[in-house]
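Hi everyone, thanks for coming.

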Amino acid sequence: MRKLALLFLSLMVMPISHAADIAKVSDAWVRLPPPGAQVAAAYLTLESKQALSLSNVTSPAAETVEIHSMSMHKDMMEMRQLPALALEAGKPVKLEPGGLHLMLINLKKPLKEGDKVLLVLNFNQGKQVAGAVGVQATVKAAVKVHTH
Ligand SMILES: [Cu+2]
């Protein structure tokens, strides 16, 4: 009986390890949005053994997910939507506050600290679909920046 249960468990874990063949996704988190906000930013690290591009992201927690870049422009933070995000082979790309991020738009319900948000990342290799990787991102309050 116990053996059967173990077999079941390993079967359930399989799709996740298979997904790791496409690209490695780590440190996924969503910044806790202010109360009433319709959008939230998500951050993670991507790494692939082969050149890939992140072509599309979806989440059951939001109507749409966009890939954004952020840069300073005349003392103003400017966000821009990217059509895709290129990954070079073996070179990690970090999405982090102040830079690249995923934007969850039109949240289906308010997020609270500790919630898990599923992000489904779709990758292309050239024009071919390479596959999708799902990752659970934890909702966390932003790290406080010290000002003196
Ligand atoms: Cu954004």
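So, what percentage of the 148 residues in the protein is made up of buried residues? It's 21%. A quick word on terms: a residue is buried if 20 or more other C-beta atoms lie within 10 Å of its own, exposed if 12 or fewer, and partly exposed in between, with the C-beta atoms placed from the backbone.

Before going on, please keep in mind that this is a predicted model: local features need a pLDDT of at least 70, side-chain atom pairs count only at pLDDT 80 or more, and totals for chains, interfaces and linings use all residues. Residues are numbered from 1 along each chain as its sequence is written.

And pLDDT? That's the predictor's confidence in each residue, from 0 to 100. The protein averages 87, and 82% of the residues score at least 70. Residues 12-19 are a stretch to treat with care: pLDDT stays under 50 there, and the model has two contacts beyond four places in sequence for them. By a contact I mean two residues whose C-beta atoms, placed from the backbone, lie within 7 Å.

Now the overall layout. The protein has one helix and 10 strands. Helices (H or I, at least four residues) and strands (E, at least two) are DSSP runs, numbered from the N terminus. Reading from the N terminus, the order is α-β-β-β-β-β-β-β-β-β-β. Look at the contacts between residues at least 6 apart in sequence: 70% of them join residues at least 24 apart.

Let's see how the strands line up. Two strands pair if DSSP finds at least two bridges between them. Start with β1, which pairs with β2 in the antiparallel sense over five bridges; there, Trp29 has Tyr43 in β2 as its bridge partner. β1 also pairs with β10, this time in the parallel sense, over three bridges, and Val30 has Val139 in β10 as its partner.

Ser53 takes part in both: its bridge partner in β6 is Ala86, and in β9 Asn124 stands opposite.

On to the core. A nonpolar core is a set of buried Ala, Val, Leu, Ile, Met, Phe, Trp, Tyr and Cys residues joined through C-beta atoms within 7 Å. The largest one here has 28 residues, and those with the most contacts inside it are Ala42 and Leu119. The elements giving two or more residues to this core are β1 (24-31), β2 (39-47), β3 (52-58), β4 (62-73), β6 (85-87), β8 (101-107), β9 (116-125) and β10 (128-140).

What is Leu119 in contact with, once we leave aside its neighbours within four places in sequence? The answer is Ala28, Ala42, Val57, Ser59, Leu102, Val135 and Ala137.

Now for a few residues on the outside. Val129 sits in strand β10. Why is Val129 counted as exposed? Because there are 12 other C-beta atoms within 10 Å. Val129 and Ser55 are 74 residues apart in sequence, yet 9.0 Å apart in space, C-alpha to C-alpha.

Lys74 has a positive phi of about 50° although it is not a glycine. You'll find Lys74 in the loop between β4 and β5 (76-82), and it counts as exposed because it has 5 other C-beta atoms within 10 Å. Asn106 isn't a glycine either, and it has a positive phi of about 60°. Asn106, though, is in strand β8, and is exposed, with 10 other C-beta atoms within 10 Å.
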